[in-house]
Each structure stands twice: as structure tokens, then as C-alpha cells.
Amino acid sequence: MPIIAPSLLAANFLRLQETCDMLNASEADWFHLDVMDGRFVPNISFGLPVIEQIRTTTQKTCDVHLMIEEPGLYAEAFKKAGADILTVHIEACPHLHRNIQQIRQLGMKPGIAVNPHTPIHLLTDIINDVDVVCLMSVNPGFGGQQFIPHTLEKIRQLKKLIEERKASALIEIDGGVTEDNAAQILGAGADVLVAGSTVFKSKDPMATIAALKNTQPIS
Ligand code: DX5
Ligand code: ZN
């Protein structure tokens with residue numbers, strides 16, 4: 001079964017407690033928390049104090065997706081705020097290996113996020129050092145965008161790389177995931193589905209999470 005990681009970016013921030021209660025009661029596995037700095041991406045979302053509050057409501061994995069420049073400056077603060085997984089963008093990190101080591105030394109699981117234009121082969125020499133690769137299936141910065149179909153090919157390439165290198169990184173797909181394309185995404189080899197709008201704009205978010213969780217892969 002896939003890991004389901006609802007993205008709270010699409011949630012109602014006035015009702016965060018209710019949202020966390022719903023997610024805790026649901027089949028969701030991770031809380032996907034999108035942090036944007038208005039520099040790496042052309043949008044600003046939420047940051048440390050919000051994550052700190054969310055952390056107090058849940059035992060589930062807090063999967064923090066940093067869409068920020070110089071993430072190394074803040075890794076320790078995100079650990080303190082309660083991040084379990086800390087994902088940085090390959091495009092924002094000239095010293096990626098150092099960033100990944102720092103995240104692990106702080107006691108978190110490191111992840112690398114990859115923009116739609118970034119080729120999979122750039123992960124060759126770092127794949128054995130990370131727990132998660134987050135393939136962006138939209139351009140990061142906004143929820144509610146359309147899934148980029150070429151991502152399916154990238155999932156297959158990444159799966160092959162992970163197998164070849166005997167790595168254990170999970171493949172996480174972020175952006176435009178719906179009940180309609182989930183089966184194909186899983187069929188291509190994804191392990192984790194992030195879903196913002198699909199979950200929170202649906203009539204029954206809990207049922208939508210259950211539907212995603214029970215999706216059968218098709219190739
Ligand atoms: C986009 C974020 C996503 C976003 C996904 O930059 O990284 O996690 O919330 O939203 P949907 O599922 O609506 O595409
Ligand atoms: Zn994200």
C-alpha cells in the first residue's frame with residue numbers, strides 16, 4: 001500500500017486543529033508540510049511556529065518540504081520544531097552532500113526534492129545517502145496545479161537507479177496527484193503520494209485519503 005501524505009497547504013488554516021484531528025483519525029501516514037520563502041519559489045507559505053504547533057497534535061511523521069534557499073541555516077530549527085523528514089531542493093543546494101549529512105546528524109531523515117526540469121541522473125552520487133526523493137510533478141510554489149505527465153517516465157528512471165545502486169530511498173510524488181492518476185503513478189514505481197487539493201477540496205477528505213490509500217497500481 002502507498003504512503004499517503006496530505007499536504008496541509010490546501011487546508012483551512014483557521015481550522016488547523018480540526019484538520020490535524022481528521023488526519024490523525026484517517027489513513028494518512030505522513031503530514032506533508034510545505035515551507036516556501038518567496039525566494040526559491042515565488043510564494044510564501046508558513047514556517048516554524050506553525051509546524052511546532054502541528055507537531056503537538058500528532059504522532060504521525062512530519063514530512064517537511066523546504067522550498068527555500070540556504071536550507072542549511074534552518075535545519076536545526078526545523079528539527080526543534082518537530083520535523084521527522086527534512087527535504088531540501090537539489091536546485092537550492094550547491095553543497096547538497098553537506099546538507100544531507102547535516103540533516104542526518106541532527107536526527108532527521110533526509111530527502112531531496114527535484115524540480116520537473118532536473119534530470120534523474122543528477123541523483124546518481126547521492127541516492128544512497130537519502131531516505132526520500134521527492135519528485136515534483138508540478139513547478140513548486142503552488143497547490144492545485146496539473147500533473148506533468150513526463151513525471152511518470154522520471155519515476156521509472158528513478159526506480160531503476162534505486163535498484164541499480166541497491167538504495168532504499170522512497171519515491172515521493174508531489175503535485176497534481178488525483179484519484180484518477182494515482183494508480184498510474186503507483187504503477188510507475190512511486191511509494192509516497194502527496195495530495196493537497198485532492199484531499200482538502202474534496203467533500204469528504206477522510207474518504208478521499210482512504211481511496212488514495214487503497215489505490216491499486218496499474219502499469
Ligand atoms: C507545491 C507543494 C505541494 C502542494 C501540492 O509546491 O510542494 O506539496 O501542496 O498541492 P496539490 O496536491 O494541490 O498539487
Ligand atoms: Zn510539497
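**Exercise 1. Find the lining of the second largest pocket and sort its residues by class.**

Start with the space itself: the second largest pocket holds about 150 Å³. A pocket here is an open set of points on a 1 Å grid over the protein atoms alone, where a 1.4 Å probe fits, with protein on both sides within 12 Å along at least five of seven lines; lining residues have an atom within 4 Å of a point. Points are joined across faces, edges and corners, and the volume is the space filled by probe spheres set on them.

A word on the model before going on: it is predicted, so local features need pLDDT of at least 70 and side-chain atom pairs pLDDT 80 or more, while totals for chains, interfaces and linings use all residues. Residues are numbered from 1 along each chain as written, chains are lettered from A and ligands numbered from 1 in written order, and side-chain values use heavy atoms, without hydrogens and water.

Next, list the lining: Glu70, Pro71, Gly72, Leu73, Ala92, Cys93, Pro94, His95, Arg98, Asn99 and Gln102. Finally, sort: five are nonpolar, four polar and two charged. Ala, Val, Leu, Ile, Met, Phe, Trp, Tyr, Cys and Pro count as nonpolar, Asp, Glu, Lys and Arg as charged, and the others, Gly among them, as polar.

**Exercise 2. Describe the largest pocket and the elements that line it.**

Its volume is about 360 Å³. Of its 29 lining residues, Gly143, Gly144, Gly175, Gly176 and Ser197 come closest to the centre. Now look at the elements: β2 (30-36), β3 (61-67), β8 (192-195) and α7 (197-200) each give at least two lining residues. Such helices (H or I, at least four residues) and strands (E, at least two) are DSSP runs numbered from the N terminus. By class, the lining has 12 nonpolar, 14 polar and three charged residues.

**Exercise 3. Work out the donors and geometry of the zinc ion (ligand 2).**

First, the protein donors (N, O and S atoms within 2.8 Å of the metal, or 3.2 Å for Na, K and Ca) are His32 (NE2), Asp34 (OD), His65 (ND1) and Asp174 (OD), at 2.0 to 2.3 Å. Along the chain they are spaced H-x1-D-x30-H-x108-D. His32 in strand β2 and Asp174 in strand β7 (residues 170-174) are 142 residues apart, linking distant parts of the chain. Both are buried, meaning under 20% relative accessible area with a 1.4 Å probe, protein chains only.

Definitions and conventions: Tetrahedral: all angles 85-135°; square planar, octahedral: opposite > 155°, others 65-115°. Buried < 20%, exposed > 50% of the residue type's maximum accessible area, 1.4 Å probe, protein only.
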